[in-house]
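Thanks for coming. I have one chain to go through today, so please look at the sequence and the model first.

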Amino acid sequence: MRTSVLPPALAVLVLVAAMWVPAWADDTAKADADAQNIFNSTCGWCHQGGGRVAGGIGPKLMATDKSDDFIVNRVKNGKEGRMPAFGASLSDAQIQALLRYIRNLKPES
Ligand code: HEC
């Protein structure tokens, strides 16, 4: 009978979700912390104030009007003579985390 099969199946599903979601949230938190470190060590000497301010070699990134695609593409491929390409040294996940870092930038108080 269907009704007797469904509740156990649902219970398993809930259990799997309960185990999976915290692990996934942890990964995201870790990736975000990594992105901050990568930014500070790799990007910050050109993009000043953690990307918050203009006046460095690279432009201010906070509140950029560029699209996600543009940002990912710029980080992967750089800009000849101006910004190095990071597509070989950073993973897609790291670049996505850097994108989130840039999107979440707020003025320092
Ligand atoms: C050697 C200096 C330098 C480094 C290191 C550097 N950038 Fe850049 N970045 C630039 C310059 C210069 C530009 C402007 C390029 C142009 O003329 O379009 C730029 C542009 C960008 C843009 C596009 C912004 C816009 O509005 O056009 C993003 C996003 C960006 N950089 C992110 C990063 C990230 C993330 C890193 C580290 C992984 C990084 N940059 C490392 C110099 C640098």
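**Ile38 and its surroundings**

Leaving out neighbours within four places in sequence, Ile38 is in contact with Gln94 and Leu98, where contact means that the C-beta atoms, placed from the backbone, lie within 7 Å. This is a predicted model, in which local features need pLDDT of at least 70, side-chain atom pairs count only at pLDDT 80 or more, and totals for chains, interfaces and linings use all residues. Residues are numbered from 1 along each chain as its sequence is written.

Ile38 sits in helix H1, residues 2-43. Helices here are DSSP runs of H or I with at least four residues, strands are runs of E with at least two, and both are numbered from the N terminus. Is Ile38 buried or exposed? Ile38 is buried, because 20 other C-beta atoms lie within 10 Å. The cut-offs are 20 or more other C-beta atoms within 10 Å for buried, 12 or fewer for exposed, and partly exposed in between. From Ile38 to Glu108 there are 70 residues in sequence and 19 Å in space, C-alpha to C-alpha.

Now the chain as a whole. It has 4 helices and 0 strands, in the order α-α-α-α from the N terminus. The C-alpha trace spans about 70 × 35 × 25 Å along its principal axes. The radius of gyration of the chain is 20 Å, whereas a compact globule of 109 residues would have one near 13 Å; the radius is taken over C-alpha atoms, and the globule rule is 2.2 Å times the number of residues to the power 0.38. Of the 109 residues, 10% count as buried.

Next, a helix pair. The axes of H3 (residues 68-77) and H4 (residues 92-103) come within 10 Å and cross at roughly 125 degrees. Axes are lines fitted to C-alpha atoms, for helices over the stretch in contact, with angles from 0 to 180 degrees between N-to-C directions. H3 is therefore oblique to H4; angles under 35 degrees count as roughly parallel, over 145 as roughly antiparallel, 65 to 115 as roughly perpendicular and the rest as oblique. On the H3 side the contact is made by Asp68, Ile71, Val72, Val75 and Lys76, and on the H4 side by Ile95, Leu98, Leu99 and Ile102.

Last, a loop residue. Ala63 lies between helix H2 (48-51) and H3. Ala63 is not a glycine, yet has a positive phi of about 60 degrees. Ala63 counts as exposed, because it has 11 C-beta neighbours inside 10 Å.

Definitions and conventions:
Two residues are in contact if their C-beta atoms, placed from the backbone, lie within 7 Å.
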